[in-house]
Amino acid sequence: MFKTLQTYKLLFLRLVLIVAGIEFSIYFFKIDLLFTGVFGLCMVFLMVREMYFYVRNFVTIYDKTIASMLQNDFTSDFSKHKFNKSYNDLFSLYETLKNKQNEQISKDIIYRSILNNIETGVIILQKQEQDWNVFLMNDYFSSHFNVPKVSKWKYLKNQLPALCEIIEEDDFHEIKTAIEISINEQHKQTFVLQASRTEIFEQDYFIVLIDSIQNVVEKKEKDAWINLMKVISHELLNSITPIRSICQNLQDLVEQDSLSTEDLDDIKTSVETMLRRSDHLQKFVEGYRKLAMLPSPKKEKIELQDLIENCLQIMNPLFKKANIEVENSITLKYQINVDQQQTEQVLINLLTNSINALENNIQKQIIISAEAKENRVFIKIADNGKGIEKEIEDKIFLPFFTTRNEGAGIGLTLSKNIIEAHGGYILYKNEKEKTVFEICLIEE
């Protein structure tokens with residue numbers, strides 16, 4: 001503000017000097033000092049000329065700088081004018097906007113680079129008046145569907161009519177579905193289509209994500225194999241490493257000319273340790289075999305209450321030993337179509353997990369409940385134990401994953417496989433500070 005006032009003061013001072021020069025020149029002409037009057041007029045002319053160029057230069061700089069900012073053109077160089085303090089605020093604004101534009105361009109390059117490197121087709125449309133333009137199309141979309149990076153919706157529609165017709169049918173609203181698209185006149189492939197619409201700064205955008213179901217399945221399978229191999233290699237190394245060390249020790253002892261009583265005790269201890277680790281490996285392999293060779297369920301109609309009572313009767317000695325209060329709130333008279341032995345195994349596994357979770361609790365409680373809705377039956381087993389940590393919630397159903405030293409890590413995996421073989425599902429959640437495992441069985 002003060003710098004602007006200073007500029008106005010300098011202009012005002014120039015005007016005062018010009019007016020004063022004119023007055024003095026007229027005065028000199030009146031007293032017949034012609035040469036002095038002419039000299040005064042020359043000085044006035046020079047001052048007018050200097051003020052003209054000063055104002056023109058000032059206005060030109062402002063116009064050029066503001067035009068550059070309005071057009072987002074920050075290539076101009078105003079360094080030779082930076083020493084003029086009158087332009088400090090203007091050039092400060094120019095540099096701020098220039099830095100913001102550079103930052104925005106950098107972000108845009110990074111975002112585009114990320115989008116171009118993901119193995120999911122991405123296309124973003126921008127609405128202009130009544131038409132849609134292609135705001136962004138990533139490299140995967142262009143190469144996978146053999147579509148050039150067009151700028152108009154109508155051109156894209158000519159290339160991929162199957163995709164565009166589905167989007168138009170839903171009037172560019174949120175979509176989540178599977179579609180079949182033929183690429184290069186080959187056999188049709190199935191893709192997962194997800195689309196959403198958003199408005200940013202009064203600009204309407206439509207975002208489309210499309211991915212091959214085969215890619216999704218392969219990624220899930222790859223992740224599952226990686227997790228499985230990590231667990232298997234961990235278990236094998238935990239047993240093989242000490243067994244190899246013990247064998248090396250036994251070999252050294254056997255190669256001695258004579259064995260002392262202490263050496264015999266070492267051999268005995270070593271053999272016992274090897275047997276223990278071998279038993280652990282055998283149990284581990286048997287657990288894997290159970291998972292890999294799960295028989296198909298032999299379904300039959302049984303009463304839900306009878307199924308629960310049988311499980312509670314089997315587990316009752318363990319409940320009494322651990323001093324656990326069990327509340328069976330199932331009053332539902334309902335028949336379910338399941339393999340009785342397999343379903344009992346699932347319930348026993350879940351109840352065993354609850355017993356272990358309540359190990360350090362003073363008040364120990366397990367609640368069993370059930371409800372039927374539409375053609376589904378929900379069986380819940382809840383306990384007030386320590387619960388499951390957030391970091392491992394997504395791992396509890398993985399094969400051989402366990403947090404207990406003596407655990408095999410197949411109970412929940414086996415339970416999940418059994419319920420899924422029945423056409424249902426099992427999930428974990430927290431309800432009112434209680435750990436809940438819910439089984440959902442779908443009645444056919």
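In which loop does Asn323 lie? In this predicted model, Asn323 is placed in the loop between α9 (304-321) and β7 (325-328), and its backbone has a positive phi of about 60° although the residue is not a glycine. Most residues other than glycine have a negative phi. Asn323 has a relative accessible area of 61%, and is therefore classed as exposed, the cut-off for that class being over 50%.

A positive phi is also found at Asp171, again a residue that is not a glycine, where the angle is about 55°. Asp171 belongs to the loop between α6 and β3, and with a relative accessible area of 47% it is partly exposed. A further positive phi, near 85°, occurs at Gly423, the residue that follows helix α11. Within α11 itself, which spans residues 411-421, the buried residues are Leu412, Thr413, Leu414, Ser415, Ile418 and Ile419.

Contacts between aromatic side chains were examined next. Eight aromatic pairs are found in a search of the whole structure. In one of them, the ring centres of Phe135 and Tyr205 are 5.4 Å apart and the ring planes stand at 75°, so the pair is edge-to-face, a term applied here to planes over 60 degrees apart. This pair links distant parts of the chain, since Phe135 is in strand β2 and Tyr205 in strand β5, 70 residues apart. The two partners fall into separate classes of accessibility: Phe135, at 38% relative accessibility, counts as partly exposed, whereas Tyr205, with a relative accessible area of 14%, is buried.

An edge-to-face arrangement is also formed by Trp153 and Phe172, whose rings are 5.2 Å apart from centre to centre, with 65° between the planes. Trp153 lies in helix α5 (residues 153-159), while Phe172 lies in the loop between α6 (161-169) and β3 (175-182), so that the pair ties together parts that are 19 residues apart in sequence. Trp153 is buried, at 8% relative accessibility, and Phe172 is likewise buried, with a relative accessible area of 8%; both values fall under the 20% that marks a buried residue. Together with Trp132 and Phe206, the residues Trp153 and Phe172 form one aromatic cluster. An aromatic ring also takes part in a contact with a charged residue, as Lys373 lies over the face of Phe378, at 5.4 Å from the ring centre.

A nonpolar patch on the surface is formed by Phe29, Leu34, Val38 and Leu41, which together have about 330 Å² of accessible area. Helix α2 (residues 34-70) contributes the largest share of this patch, namely three residues, whereas Phe29 has its place in helix α1 (residues 2-30). Phe29 has a relative accessible area of 32%, and is therefore partly exposed. In an α-helix, which has 3.6 residues a turn, residues three or four places apart point the same way. Thr36 also lies in helix α2, and this residue is partly exposed, with a relative accessible area of 33%. Although Thr36 and Phe24 are twelve residues apart along the chain, their C-alpha atoms are separated by 9.3 Å.

Methods. Residues numbered from 1 in each chain as written. Predicted model: local features only at pLDDT ≥ 70, side-chain atom pairs only at ≥ 80, totals over all residues. Heavy atoms only, no water. Phe/Tyr/Trp six-rings, centres within 6.5 Å; stacked < 30°, edge-to-face > 60°. Helix = DSSP H or I, 4+ residues; strand = E, 2+ residues; numbered from the N terminus. Buried < 20%, exposed > 50% of the residue type's maximum accessible area, 1.4 Å probe, protein only. Lys NZ or Arg CZ within 6 Å of the ring centre and 35° of its normal. Patch = residues over 30% accessible without salt bridge, like charges linked within 9 Å, V, L, I, M, F, W, Y side chains within 5 Å. Areas by Shrake-Rupley, 256 points an atom, 1.4 Å probe, with all protein chains shown as cover. Salt bridge = Lys/Arg side-chain N within 4 Å of Asp/Glu carboxyl O.
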